[in-house]
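Here are my notes on the model, written for someone new to reading structures. Keep the 3D view open and go through the points one by one.

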Amino acid sequence: MAIPLKYNLRSVLVRRVSTLLTVLSIALVVAVTIGVMALATGLETALVSTGDPLNILVRRRGADSELSSLVTRDAWQILRYLPGVKTRPDGEPLASADIVVVINLPRRGSAQGANVTVRGLSPQGMALRPHVRLVAGRMFQPGLREVIVSRRLSERFQQTSLGDRLRFGKGEWTVVGVFDAGQTAFDSEIWTDVNQLASDYNRQFYSSVLLRATDEAAAREIIARVESERRFNLTAEPETEYFREQTRAAGPIKAMGMFIAFILGIGACFAAMNTMYAAVTYRTREIATLRVLGFPRWSILLSFMVESVLLALVGGVIGCLLVLPVNGVTTGTANWQTFSEIAFAFRVTPRLLLAGMIFAILIGLLGGFFPARQAARQTPVLALRQG
Amino acid sequence: MSYAGFTWKNVRRNTRRAILTMLSVALAVFVMVTLVSFVAQIDRNVNEASPLRLITRHAVSLTNFLPERYRAQIERIPGVVAVTELSWFGGIYIDEARTDFAQFACDPRTLFDVFTEVTIPPDQKEAFQRERTAAVIGRSKAEKHRLKIGDRITLRPRDIPVAAPLELTIRGIFEGTINNEAQLFFHREYLEEVMGRPGVAGTYWIRVDSVDSVSRVSEAIDALFQNTDAPTKTETERAFTMGFVSMLGDLKQLVATISSAIIFSLLLVTGNTMAMSVRERIREIAILTSLGFRRGTIFWLLVAEGLLITVSGGLLGCLSARLIFGALDLGAFSQGFFQQVTVTGPIIAAGLAVSAAVGIVSAGIPAYRAASVPVAEGLRYVG
């Protein structure tokens, strides 16, 4: 026979202030934990959702990132005409040779600079990345020293608004368009014409080549072909894979989140324990009465555990609500692999919220167990005689 | 019984509750002190930078190289004492996990004239300068990897297109910073050779004669190369390091937000404890008042109780953070980004101050209310 839930609800309400304080402290711990994890998730999603599985990125064997990779012009001519590469109706292969350089730009509201990636694209470069769309201005014209800038980047850096002039390479470039890359890694880049960029930087080589395969089988074939051609000394992998590898950048943030969650979680357990011990002490006689009425020990144990979990659940819900406003707030951090800043947004995902709730329940269970056990072990006769 | 004895007795009245509260304060302070220490460590690295050192890099970014002929032109500027190239070499020593030190190609003749704070025995310095494949490494890394003079090490290139791995011989071990003795230096001549003589340098590190020369020299350098293929940006070591730090994002704000959430949650936890223990004692407090104790005295006795719990918790948190981070090899965890994090005296003092403030506020409110309950009502109170 279990003690009705109503008993717990009423008991909790009797000690309103004490309950509220404990609930709020659990809420804060849950909120901080979800907040830090949302930072890591945001960074990971930006990288993981970048690329198309049918896009194949070719770069120099042994180069960790496009920045340190070289692809010769000869190799580019061979690569774009490989069998399995999708072609446009006019016969032009869907392939882009890119050049990637890093420039230093001052942030808005501070003289302090940060590194930003500039990518030079071949004419098919945009078609290969259909999720990238212009939201203001127009596309850059090849040969005209024009660039388009991601919206997120233009919010964070000086000289990157529509019509502004940027200085890098051999002179000034005009910002003619602003694009939105749908929260992918391209949201941290500046794009321009590859040939213009190559001549500014005296580059004889491209950084990487991106190919669109007709289907998955063709993709596998292209990869095998590139890998087996020894004279290329190139390596190929799906674009998605390349960005997934960069999610390492989120490692330190995750570690910090885990550290905070673990230690503060224990602290919150202790706080819950305190409240529950007090509840047990206040209700010593009540518990004894329940026992005399015939409620077995397990139902007392269960009842107090339920009460503790209830407190924690309410805390968890409040914690989730507290952290929701950070969802979508844009921030940036260093991606050491590309040696430039990557902009991303906090992402409070349903999964994180669920994890936060489980975390809260765990706090409730651990914090409630010892007090509940104490309550269950009480001897009714002694307790009734007390106070 | 003395006041101190009275407080001590009261704290121990419910030992379990006091200990649980103390431990949750300790854990929260531990987290806070840790976060603050990391941020402070970054600041300290920035502040350790010498005001007399300038760094010249490519104006566009660090990833662009500068021509080697710039050096002679920089050396001719009045006020320049010494110049060395430093080119970052991202090599792998044995494997990724053990590569916890940065490697730079330098000019061995002038390296120690630019980094004057670094000490190295004169015979080791000479040996390093003499041999083309010689290298020097900081003491802390030499000890960690058990490297001694005469040991050979191999650095496999990771990113830079280099024909062969670098085969180096340790000829010297230096002490006293260049970021906590955690870097390795070798001859730029050797790197140029294996790279097929591109004739480039990553950065130029310049020592000037006085603080007054700093801005004049840096402006002179940038003016010199303004209209070339490779314009330069010259800044002080401090500004240069700050640039790296700012790439990490807004760490300070993040840590401040988390810390304030923690402090607030601490207030709630200890406030709850104190409210509970005061409520149980309203009758006793009324008795104390009727015995002639002043309300003020009673108030401070209760606050002292809260203080005892929170400050001892804070102390525990601070000291354990200090011990743990003193013993931990962070370089291995963070791939060389943090060589060492010290929980300094001022940070501990701040941690204790926060604990004390939490104690005063959280005990103060219930104590004030309890102390102002009229005697008759208090005696009648059923808890």
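1. First, a term for what follows: contact means heavy atoms within 4.5 Å. This is a predicted model, where local features need pLDDT of at least 70, side-chain atom pairs count only at pLDDT 80 or more, and totals for chains, interfaces and linings use all residues. Residues are numbered from 1 along each chain as its sequence is written, chains are lettered from A and ligands numbered from 1 in the order in which they are written, and side-chain values use heavy atoms, with hydrogens and water left out.

2. Buried means under 20% relative accessible area, exposed means over 50%, and partly exposed is in between, with a 1.4 Å probe and protein chains only.

3. Next, find B:Ser362 in helix α15 of chain B, residues 345–371. Is B:Ser362 buried or exposed? With a relative accessible area of 5%, B:Ser362 is buried. Its side chain makes a polar contact of 3.2 Å with the side chain of B:Thr270, and also reaches the backbone oxygen of B:Gly359 at 3.4 Å. (A polar contact is a pair of N or O atoms within 3.5 Å; within protein, one must be able to donate a hydrogen and the other to accept it, and residues adjacent in sequence count only if both atoms are side-chain atoms.) If you leave aside neighbours within four places in sequence, B:Ser362 is in contact with B:Leu267, B:Thr270, B:Gly271 and B:Met274.

4. Now for the rings. Rings of Phe, Tyr and Trp (its six-membered ring) pair if their centres lie within 6.5 Å; planes under 30 degrees apart count as stacked, over 60 as edge-to-face and the rest as tilted. By this rule there are 17 aromatic pairs over all chains. In one of them, B:Phe115 and B:Phe185 have ring centres 6.5 Å apart and planes at 40°, so the pair is tilted. B:Phe115 lies in the loop between α4 (111–114) and α5 (122–130) of chain B and B:Phe185 in strand β9 (183–187), so the pair ties together parts that are 70 residues apart in sequence.

5. B:Phe115 also forms a tilted pair with B:Trp205, at 5.4 Å centre to centre and 40° between the planes. B:Trp205 is in strand β11 (203–208) of chain B while B:Phe115 is in the loop between α4 and α5, so this pair ties together parts that are 90 residues apart in sequence. Both B:Phe115 and B:Trp205 are buried, and B:Phe185 is buried too. Over in chain A, ring pairs link A:Phe179, A:Phe186, A:Trp191, A:Tyr242 and A:Phe243 into a cluster.

6. Zoom out to chain B, which has 16 helices and 12 strands. Its radius of gyration is 30 Å, well over the 21 Å that the globule rule gives for 383 residues, so chain B is more spread out than a compact globule. (The radius is taken over C-alpha atoms, and the rule is 2.2 Å times the number of residues to the power 0.38.) The C-alpha atoms fill a box of roughly 95 × 45 × 35 Å along the principal axes, and 52% of the residues of chain B count as buried.

7. Chain A has 12 helices and 12 strands, and 58% of its 387 residues count as buried. One of its residues to look up is A:Thr22, in helix α2 (residues 16–48). A:Thr22 is buried, at 2% relative accessibility. Neighbours within four places aside, A:Thr22 is in contact with A:Ala271, A:Ala272, A:Thr275 and B:Asn272.

Key:
Helices (H or I, at least four residues) and strands (E, at least two) are DSSP runs, numbered from the N terminus.
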